[in-house]
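Please look over the structure first, and then read the notes grouped by topic below.

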Amino acid sequence: MLRKVELGNTGEKISVIGQGTWGISGFFKDHEYYEQWKDSLRMGIELGITHIDTAEVYGWGKSEEIVGQVINEYNRDDLFITSKLFPMHFRRKTMKKAANKSLKRLDIDQFDLYLIHWPNPLVSVEKQMEVLEELVKEGKTRYIGVSNFSVKQFKEAQIYLKRERLVDNQLKANIIEQKHIYHSLPYYQEENITVTAYSPLGHKGLTDIEQSIKSKLEKIAEKHNATIQQIAIAWLINHKNIITIPKAFQKKHVKENAEAASILLNKEEIRIFYEKMVNLNQRNELKDSAETNYTK
Ligand code: NAP
């Protein structure tokens with residue numbers, strides 16, 4: 001069984017690794033291409049990667065459509081489906097219409113988690129939060145969150161919520177891009193909010209990383225009989241409050257990603273990747289929290 005962790009303070013347990021779906025193209029692809037995607041998604045679900053991440057903007061709806069066709073074959077209660085509202089809707093009515101269109105493409109009645117994809121500078125945060133709360137009230141989503149929000153924006157958004165809480169911020173974080181791990185993660189750990197690390201393999205599967213980082217990854221990978229990508233994924237989810245959503249079209253990768261959920265790195269293996277700028281105290285906190293997370 002793939003490891004599950006609690007989403008924020010909700011009591012809901014979700015797979016610590018999810019399936020990313022940015023990349024399911026909406027254009028000029030043949031039947032075989034979509035069938036292969038569906039097979040990879042099915043395989044992920046069967047291996048316990050039951051949390052699937054999509055967005056209205058991925059493939060201009062095609063990603064949601066493909067995910068919808070696959071999840072229809074499974075028990076809805078066994079899955080956790082996240083989608084996102086793109087900042088191209090400016091009125092309450094159009095934002096809600098977009099959410100309903102996503103549900104329709106996914107062929108479900110309710111998201112498990114619905115996120116504001118990026119801060120929308122043309123719509124007040126207050127209005128965006130009102131829309132999210134209304135969607136919960138109408139039963140269109142169980143939980144709400146945001147993506148690409150700074151801690152400041154996240155805190156501001158929480159102020160406008162009357163009944164609900166944001167349970168997740170989806171942020172870019174990986175072994176190369178650690179900004180949010182230093183600057184935001186301590187806040188989310190303190191508040192027990194989940195950080196979903198997106199692009200955990202730097203979007204290109206870590207094919208273009210510096211030799212110095214690659215060498216460190218290779219050394220640890222050898223010890224764990226794993227690939228460098230598995231170590232990079234394990235590194236993220238060994239941090240308290242971090243879950244992640246690698247995207248894998250190839251079945252081989254799906255399988256490896258599922259296996260990465262059970263790799264336990266020791267303190268030194270986690271610490272070795274921290275960038276120089278982090279001070280010793282922060283390192284210790286992160287290192288300790290990583291252990292706490294794993295043993296939860
Ligand atoms: P990613 O997951 O960092 O990397 C995907 C690349 O890694 C693909 O080329 C994939 O190859 C390869 N790969 C996957 N597993 C592998 C493994 N075990 N070994 C070797 N290579 C492996 O890229 P991403 O798509 O940017 O990020 C993941 C997801 O995060 C997205 O799909 C999306 O759901 C989400 N996301 C969210 C935002 C946001 O603004 N909220 C932004 C970007 C992404 P194959 O596909 O060939 O298997």
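Helices (H or I, at least four residues) and strands (E, at least two) are DSSP runs that are numbered from the N terminus. With that numbering, His 203 is placed in the loop between strand 9 and helix 8 (211-224). The model is predicted, so that local features need pLDDT of at least 70 and side-chain atom pairs count only at pLDDT 80 or more, while totals for chains, interfaces and linings use all residues. Residues are numbered from 1 along each chain as its sequence is written, and side-chain values use heavy atoms, with hydrogens and water left out.

**Around the ligand**

**Atoms facing the ligand**

- An N or O atom in the side chain of His 203 is 2.6 Å from an oxygen atom of the ligand, and a polar side-chain atom of Asp 53 lies 2.7 Å from a ligand oxygen atom.
- For Gly 202, a backbone N or O atom lies 3.3 Å from an oxygen atom of the ligand.

**Aromatic pairs and backbone**

- The structure holds 13 aromatic pairs, meaning rings of Phe, Tyr and Trp (its six-membered ring) with centres within 6.5 Å, where planes under 30 degrees apart count as stacked, over 60 as edge-to-face and the rest as tilted.
- Trp 22 and Tyr 58 form a stacked pair, with 6.3 Å from centre to centre and 25 degrees between the planes.
- Although neither is a glycine, His 203 has a positive phi of about 75 degrees and Asn 192 one of about 55 degrees.
- Asn 192 is found in the loop between helix 7 (185-191) and strand 9 (194-198).

Key
Polar contact = N/O pair within 3.5 Å; in protein donor to acceptor, adjacent residues only side chain to side chain.
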